[in-house]
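Keep the structure open beside you as you read.

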Amino acid sequence: AAERWHRFMNEWFLQPSLRGSYPEAYPSGLPRDAMGVKDGDFERMKAPLDFVGINLYTRTIVKAMPGDGGPLSLGALPVGIGGDAGPRTDFGWEVWPNALHDILLRITRDYDRPVLEITENGCSYGDGPDAQGVVRDARRSDFYRGYLEGVHRAIAAGADVRGYHAWSLLDNFEWAEGYEQRFGIVWVEFATGKRILKESGRWYGSVARHNALTG
């Protein structure tokens, strides 16, 4: 079930682009009729990519679904947002750095070592300015330290990672969550637009300057 979920969620667009085929995600086979697949589609959808971008925040725990759910059923269902072994962000997502390490190596192995970029990775914590006007968000620094260590281990194991993009620079509008979740390394007072660089932002800047994890 976990493998089918991986194929559908992580490879459903990647494999068609790089190989001109869909991954075997459905227990009963590719639902060609339901998808409206036409002759020649597989040849037309294949295209070289300059790099593969990976958005990842946490791992996914999957359970198998028994019974016949029809041709569009994956026979798999995610359970919660991550597992129960790691700490939780204020959004309730599990902090699990090995998830990023593992997917980087999985794509590296399965797709003949493509160029990789982490296009999104980050965490939501609600820490705001204290009496001195300082945003002491040590949990966010710890999050980035763990995930960057995971990227480093993946590079050491052979992944061709060219870039890492933290989500995000500013506390911003987060889709259905509106302004409730704060992912930024810069705190924003939404009523006025006032901005304060968080302590995690200072730490992240030091990492970028020195090309090394610090403190």
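Searching the whole structure turns up 16 salt bridges. Please keep in mind that this is a predicted model.

**Salt bridges**

- Arg7 and Glu3 join their side chains in a salt bridge, with N to O at 3.2 Å. The two residues lie 4 apart in helix H1 (residues 2–11), so about one helical turn separates them.
- Arg7 is partly exposed at 25% relative accessible area, and Glu3 is partly exposed at 30%.
- Arg139 and Asp90 also meet through their side chains in a salt bridge (3.2 Å, N to O). This pair links distant parts of the chain, 49 residues apart: Arg139 sits in helix H6, and Asp90 in the loop between strand S3 (76–78) and helix H5 (98–110).
- Arg139 is partly exposed at 36% relative accessibility, as is Asp90 at 40%.
- Arg140 pairs with Asp137 in a salt bridge whose closest N and O atoms are 2.7 Å apart. Both Arg140 and Asp137 are buried.
- Through shared partners, salt bridges tie Glu3, Arg7, Arg106, Arg109 and Asp110 into one network.

**Helices H6 and H7**

- The axes of H6 (residues 138–156) and H7 (residues 199–210) come within 8 Å and cross at roughly 30 degrees. Angles under 35 degrees count as roughly parallel, so H6 and H7 are roughly parallel to each other.
- From H6, Arg140, Ser141, Tyr144, Arg145 and Leu148 meet Glu199, Ser200, Trp203, Tyr204 and Val207 of H7. By class, this contact has 5 nonpolar, 2 polar and 3 charged residues.

Definitions and conventions: Residues are numbered from 1 along each chain as its sequence is written. This is a predicted model: local features need pLDDT of at least 70, side-chain atom pairs count only at pLDDT 80 or more; totals for chains, interfaces and linings use all residues. Side-chain values use heavy atoms; hydrogens and water are left out. Axes are lines fitted to C-alpha atoms, for helices over the stretch in contact, and angles run from 0 to 180 degrees between N-to-C directions. Angles under 35 degrees count as roughly parallel, over 145 as roughly antiparallel, 65 to 115 as roughly perpendicular and the rest as oblique. Contact means heavy atoms within 4.5 Å. Ala, Val, Leu, Ile, Met, Phe, Trp, Tyr, Cys and Pro count as nonpolar, Asp, Glu, Lys and Arg as charged, and the others, Gly among them, as polar. A salt bridge is a side-chain nitrogen of Lys or Arg within 4 Å of a carboxyl oxygen of Asp or Glu. Buried means under 20% relative accessible area, exposed over 50%, partly exposed in between (1.4 Å probe, protein chains only).
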